[in-house]
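Please look over the sequence and the structure below before reading on.

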Amino acid sequence: MSKKGLVLGAGLLYCLALPAQAIELNEDFSLNLSLTALSDYRTGGISQTLGDPALWVDASIAHSSGLFAGVFTSNVDFGSDTRREYDYYIGIAHDFSDDISANLTYFEYDYPKDSEFNYGEWIGTVTAYHATVGMKYTSQVKPFDDDRSVVWLGYSFDLPYETSLDVRYGYSDGKDDIWVSADGSTRGSYYDWEVGLNKELFGFDWRVAYIDTDLSQAECASVNGYDDLCSATVVASVAKSF
């Protein structure tokens, strides 16, 4: 059994989108701050908090050239000693036009009291006309020291009353067949999907999302130690950017 099945980091959740609002420091630098409260912290469809609520804090500095760097933190619970995740990241974003953009970011994930599970990861996305193609890759998944890659497709729709709908479909592929089903068969990959409804109201960004994976309860328990962390759920969140 490996806790690492749960330790997936928050990079995928961002899709590497910097906050639309920012505090202008000067003509070249801006400060981005955001707070997010969620009913569950899920990434890759798997809970990072044993299904409990989470509070995210993110701060980054962006340069007019497109370079940016920042730090993110959230409470986590893997049933182990650690209760905190810290992400440190640096990257570059570029807008080719009003409708086409791309970015590449390197993340370092740090888990105090479980530092043996710290790892680094590359994440890149290309967005064009509301569609996003993304990929993340690491060669440091522990304790296996395996490669892991994730690819996903996303799309956002504008709806009436200043609301929007976003959908995402992802595929996570590991080197080893670590997911064990009830009949003893194994596999090293799985799919996850998400549908979210978004609305800005009273100066806050509100979201309700349906999240699920194709992992069975037995497969989920074989890696994460709990059988209900990969199942379908509804996650509500509210965020404020400065």
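Asp 166 and Arg 207 form a salt bridge, with their closest N and O atoms 2.6 Å apart. Asp 166 belongs to strand β12 (residues 163-174) and Arg 207 to strand β16, so the pair links distant parts of the chain, 41 residues apart. Salt bridges with shared partners join Asp 166, Arg 168, Asp 192, Glu 194 and Arg 207 into one network. Asp 166 has a relative accessible area of 18%; because the limit for a buried residue is under 20%, Asp 166 counts as buried. The model shown here is a predicted one.

In the whole structure, a search finds 10 salt bridges. Another of them is between the side chains of Glu 121 and Lys 136, at 3.4 Å from N to O. Glu 121 lies in strand β9 and Lys 136 in strand β10 (residues 131-141), so this pair ties together parts that are 15 residues apart in sequence. Glu 121 is buried, with a relative accessible area of 1%, and Lys 136 is buried at 2%. Asp 40 and Arg 42 also meet through their side chains in a salt bridge, at 2.8 Å from N to O. Here too, Asp 40 is buried, at 4% relative accessibility, and Arg 42 is buried, at 7%.

Next comes the nonpolar interior. In soluble globular proteins, nonpolar side chains tend to be buried together. The largest nonpolar core in this model has 20 residues, and Tyr 41, Trp 56 and Tyr 109 have the most contacts inside it. Strands that each supply at least two residues of this core include β8 (100-110), β9 (119-128) and β16. The largest share, three residues, comes from β5. A second, separate core has eight residues, among them Tyr 190, Leu 215, Cys 220 and Leu 229.

A nonpolar patch of about 710 Å² is made by residues including Tyr 155, Phe 157, Val 195 and Val 208. Two or more residues of the patch come from each of β11 (146-159), β15 (189-201) and β16 (204-213). The largest share, three residues, comes from β11. Val 208, in strand β16, is partly exposed, with a relative accessible area of 46%.

What joins Cys 220 to Cys 230? A disulfide does, with an S to S distance of 2.1 Å. Cys 220 is in helix α2 (residues 217-224) and Cys 230 in the loop between α2 and β17 (233-241), 10 residues apart. The torsion about their S-S bond is about 75°, so the disulfide is right-handed. Both Cys 220 and Cys 230 are buried, and the structure holds one disulfide.

Definitions and conventions
Residues are numbered from 1 along each chain as its sequence is written. This is a predicted model: local features need pLDDT of at least 70, side-chain atom pairs count only at pLDDT 80 or more; totals for chains, interfaces and linings use all residues. Side-chain values use heavy atoms; hydrogens and water are left out. A disulfide is a pair of cysteine sulfur atoms within 2.5 Å. Helices (H or I, at least four residues) and strands (E, at least two) are DSSP runs, numbered from the N terminus. Buried means under 20% relative accessible area, exposed over 50%, partly exposed in between (1.4 Å probe, protein chains only). Patches are made of residues with over 30% relative accessible area and no salt bridge: like charges are joined within 9 Å, nonpolar side chains (Val, Leu, Ile, Met, Phe, Trp, Tyr) within 5 Å. Accessible areas come from the Shrake-Rupley method with a 1.4 Å probe; for residues, only the protein chains shown count as cover. A salt bridge is a side-chain nitrogen of Lys or Arg within 4 Å of a carboxyl oxygen of Asp or Glu. A nonpolar core is a set of buried Ala, Val, Leu, Ile, Met, Phe, Trp, Tyr and Cys residues joined through side-chain atoms within 4.5 Å.
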